Amino acid sequence: MPGRRSWTRRVRWTVWVLAVVAAGAGLGWMASDADRIGGPIAVVAAADVVLGLAFLVSRDSLDPRSIGRAMSATVAPVVSALVLETVIGFLLFPVTLEDGVDPDPSWFGVVPLVVWLIGGGALLLAMLVHLMVLAPTIRIALDSPAAVRGDVEARASVLLSLLLVDTVAMSTALGFVVDSGSRRRAGVLDLLLTVLGVQEPAAGSSGLQLWVARLLVAVFAALVVSLVVLHRRHPEVDRVWQARR
């Protein structure tokens with residue numbers, strides 16, 4: 001609906017302006033009070049998180065088959081906001097000057113660090129949590145009734161959403177049970193040997209954690225097989241998927 005899209009666009013760009021202003025205020029706070037950095041950093045990070053979610057949360061972001069399109073819609077507004085925040089931070093350099101104290105050029109390194117690493121990192125983390133956990137969970141709840149009734153497209157959507165949620169849970173579980181040395185090598189063989197019990201798990205991990213990891217790996221394999229079988233039996237699902245990307 002054109003009217004609804006126009007209203008959504010206005011809301012998003014209003015949030016964009018308010019988020020940039022809030023991040024600039026946070027940077028100004030940090031420039032004027034060097035002894036307090038926790039509060040200003042939290043303000044910048046929160047503003048960037050709200051900005052990212054405002055442009056990400058949409059009907060496309062709730063469909064795992066349209067994640068690419070949902071992410072691409074956030075690139076221009078997010079990058080432009082971070083660039084503008086950086087410029088505002090640089091322009092705030094005179095606020096850091098004190099009488100009788102030499103100018104400290106390190107401010108020009110602090111601003112990109114806070115804006116891009118902390119603010120951008122918090123934004124990216126929030127977007128990943130939405131795309132990998134919240135959105136698939138909502139999609140499972142919405143499509144499960146139709147999937148139970150036999151709707152093939154709904155089944156594919158539920159299976160893919162379950163796969164995303166299980167991937168996050170499985171990665172977290174393996175992070176607890178795989179030995180830190182194996183994690184540094186990041187070998188798939190190390191993960192497999194630990195799950196099979198051939199390689200010792202990480203020190204401090206319990207047998208329950210290991211069995212949870214094994215269960216999640218088994219669920220992951222079952223979901224992958226189910227998706228492959230579904231797509232082979234119903235190739236029209238692939239055409240719908242391609243149309244939504």
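Helix α1 gives the most to the lining of the second largest pocket, with 3 residues. This is a predicted model, in which local features need pLDDT of at least 70 and side-chain atom pairs count only at pLDDT 80 or more, while totals for chains, interfaces and linings use all residues. Residues are numbered from 1 along each chain as its sequence is written, and side-chain values use heavy atoms, with hydrogens and water left out. Helices are DSSP runs (H or I, at least four residues), numbered from the N terminus.

**The second largest pocket**

- The volume of the second largest pocket is about 350 Å³, taken as the space filled by probe spheres set on grid points that are joined across faces, edges and corners.
- A pocket is an open set of points on a 1 Å grid over the protein atoms alone, where a 1.4 Å probe fits, with protein on both sides within 12 Å along at least five of seven lines; lining residues have an atom within 4 Å of a point.
- Its lining comprises 18 residues, and A31, A34, T96, D104 and W107 lie nearest the centre.
- Two or more lining residues come from each of α1 (2–32) and α4.
- The lining has 11 nonpolar, 3 polar and 4 charged residues. Here Ala, Val, Leu, Ile, Met, Phe, Trp, Tyr, Cys and Pro count as nonpolar, Asp, Glu, Lys and Arg as charged, and the others, Gly among them, as polar.

**Helix α2 with helix α4**

- α2 (residues 38–56) packs on α4 (residues 107–148) at an angle of about 40 degrees, with the axes 8 Å apart. Axes are lines fitted to C-alpha atoms over the stretch in contact, and angles run from 0 to 180 degrees between N-to-C directions.
- α2 is therefore oblique to α4; angles under 35 degrees count as roughly parallel, over 145 as roughly antiparallel, 65 to 115 as roughly perpendicular and the rest as oblique.
- Contact (heavy atoms within 4.5 Å) involves residues including I41, V44 and D48 of α2 and V114, I118 and H130 of α4.
- By class, this contact has 14 nonpolar, 4 polar and 1 charged residues.

**Helix α2 with helix α3**

- α2 and α3 (residues 67–91) pack at about 150 degrees, with axes 8 Å apart, and are therefore roughly antiparallel.
- Their crossing is right-handed.
- Among the residues that meet are L51 and F55 in α2 and M71, P77 and E85 in α3.

**Helix α4 with helix α5**

- α4 and α5 (residues 152–177) pack at an angle of about 150 degrees, their axes 8 Å apart, which means that α4 is roughly antiparallel to α5.
- The crossing of α4 and α5 is left-handed.

Technical notes: A crossing is left-handed if the near helix is turned anticlockwise from the far one by less than a right angle, and right-handed if clockwise.
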